[in-house]
Structure formats: C-alpha cells, structure tokens
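Trainee: Could you take me through how burial, contacts and cores are read from a model?
Mentor: Gladly; let us look at the chain together and begin with a single residue.

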Amino acid sequence: MAAELIRGKDIAAAIQKELAEAVQQLAAQNIVPGLATILVGDDPASQSYVGAKNKTAHALGIHSEQHNLVANTSEDELLALINSCNENKAIHGILVQLPLPGHISESRVLSSIDPAKDVDGFHPVNVGKMLLGEQCFLPCTPHGIIELLRRSGVTTTGAEVVVVGRSNIVGKPVANLLIQKREGGNATVTLCHTRTKDMAFHTRRADILIVAAGVPKMISADMVKEGAVVIDVGVNRIGQSESGKAILAGDVDFAEVSKKVRAITPVPGGVGPMTITMLMHNTVQAAKMVNKIAL
Ligand code: NAP
C-alpha cells in the first residue's frame, strides 16, 4: 500500500495563515514584525533560499530587509551590519544565511547576533536554552520537523527515532528536541553519522526515521522498517531541467521506500516549506517578546 504523504507545503500554509492573523493583531497595536536577512556572496542556492524567506515575510505582512553583500566582504563589515541590525528597533529578527565564505568565522558572526533577535536559533545562548528545555528561539528546520510530526498525528512519545546526520543546524538539534520531556519529545533517539558502524541496523529499528545527510537516495527500501514514518530533510541538486530549473532529490529513495512505510515527506514540498514558516513564527514571536505580548 502506498504511504501517506506528509505534505509540508500544506501544513506550512496552515501555519502561515495563523501567522498572518497574528501579524494583523499586532498591526492593530501598531507593531510590525521586522526581519533582516543577510546574504554574503552569490551562491545560487543561498540566493534562492533568502529570496523565498523575504517573499514569505512580505506575504505575511512582516517588514523585511534583504542585505546582499559581495563575497569578499570582510568579517568586520559583516559584524558592523549585524550590530546596526541589533540596534535597529524596527528589526526584531536577524538571519545570516549560511554557509558564509571561508574567510569569515561562522561562530563569531552567529555569536554577534543579539540572542533576543536570533530567529534562526543558532546563538550559543539559544542553543543552550534549547538543551535545557527553556523558552528560546528553536532552530527552524528541527522545529519544522517536530511540527510536521505533531500536525500529522505522529506520536513521538516512546517511539524509537533514528536521526541520520549530526550537523548543528539539523541532526543535533532535532535529536535534542525529540528527547525533551514534553509533547513532541519523549522519544528514544539514536543519532547516526559517517562513523556509525552499521547504519542499516539502526535505521531498520526506527519507528520514525529522520534523514539529514545530504546524500541523494542514500536510504533504500531495505533500510527501513515496514510501517515506519520517514522524514526526508535532504535537498540535493541532481541536475537541471531544460528550462534551467534545479532537479531536486532527497536523501531517501522515495519511489521504493514509499511502498513500504506508513508515511513519508516528499522532496520538494516536505520539510523545506516548514523551515521558512518556522522562521516567520520566530520573527513574530520576537516582535511579541520585545513588546511584552503573551506568546
Ligand atoms: P551537513 O552539515 O553536511 O551534515 C551532514 C551530516 O550527515 C553529517 O553529520 C555527516 O556525518 C552525515 N552524513 C553524511 N553522509 C553520511 C553517510 N553516508 N552516512 C552517515 N552519515 C552521513 O548537512 P546539513 O546542513 O545537516 O544538511 C543535510 C541535508 O539537509 C542537506 O541535503 C541539506 O541541503 C538539507 N537541508 C534541508 C533543509 C530544509 O529546509 N529542507 C534545511 C537544512 C538542510 P559526519 O558528521 O560524520 O560528517
């Protein structure tokens, strides 16, 4: 039987509708959430991600400013721009698109963002609070995955969850959220990476399998349990259509795996739209927090 599709695009649209209403309510109090995005260089994928973030912000009534800096911008120039956004009262959230060019220290840059405006949730203060289970900005892709599961009626409590990938932006934080003692957590989590001895042994045990490795179709049907729920985070550009559009593939062999599992996210249209949506959620939350409005 074919798997149920977990349509991130539809779930993201529902959340965006809620956010647009929240933005309207804020507007009635003369508050307009503001987002500054900063892109250094001209990487096409990053350009398209930042463009989509600004477009979504605009559609929701969020004020957005896009700062495009040339690839050889110095770290000091970037830090000065972040500082001016930290000081700007019209800006509630700051997003620096990663990756940054090699001559700029990612950790210095992320640490320079005011934690109260860190809507990507990458500042060490927010990472620490997330680990402790305290109120903070949650990183967008992991938070989006938790929301996808929750709104699709997939219970994490007591579930065996296997996460493939241990990056700071997806693997580690999603594993962390899943072990928190609250709704959307309470799972038993295994984290796999390139040094994992027998990955299929672990993935086959998963009730919920989350894959964020960046390797096209690395998860084949024999690596998943019958009836599992599969979240494919991978976005891999595997070619170009005649019109020049990127052809995308996930980390999961969708055609084969979808015949065996209970539910699965498509690529595109799965996790991707949720990432942008949770960024908007954090920006609205930032505007509420600074204005002391209940979340
Ligand atoms: P990353 O920083 O490159 O990390 C990849 C992780 O996967 C690493 O921990 C790596 O292990 C592990 N890995 C790679 N190949 C593996 C293999 N053959 N077996 C086991 N583990 C392997 O990547 P990322 O930033 O987390 O992104 C992962 C994927 O998700 C990419 O395709 C990216 O485009 C996509 N992504 C999508 C969204 C979205 O919104 N949809 C957001 C973020 C990322 P080691 O640590 O041992 O090297």
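Trainee: Is Thr-37 buried or exposed?

Mentor: This is a predicted model, in which local features need pLDDT of at least 70 and side-chain atom pairs count only at pLDDT 80 or more, while totals for chains, interfaces and linings use all residues. Residues are numbered from 1 along each chain as its sequence is written, and side-chain values use heavy atoms, with hydrogens and water left out. Buried means under 20% relative accessible area, exposed over 50% and partly exposed in between, with a 1.4 Å probe and protein chains only; Thr-37, at 0%, is buried.

Trainee: What does Thr-37 touch, not counting residues up to four places away in sequence?

Mentor: Contact means heavy atoms within 4.5 Å, and on that basis Thr-37 touches Val-50, Asn-54, Glu-65, Gln-66, His-67 and Leu-95.

Trainee: Which residues touch the most other members of the largest nonpolar core?

Mentor: In soluble globular proteins, nonpolar side chains tend to be buried together. A nonpolar core is a set of buried Ala, Val, Leu, Ile, Met, Phe, Trp, Tyr and Cys residues joined through side-chain atoms within 4.5 Å. Here the largest has 50 residues, of which Ile-145, Ile-210, Ile-231 and Met-280 touch the most other members.

Trainee: Which element gives the most to this core?

Mentor: Helices (H or I, at least four residues) and strands (E, at least two) are DSSP runs, numbered from the N terminus; among the contributors to this core, which include helix H10 (271-290), H10 gives the most, with nine residues.
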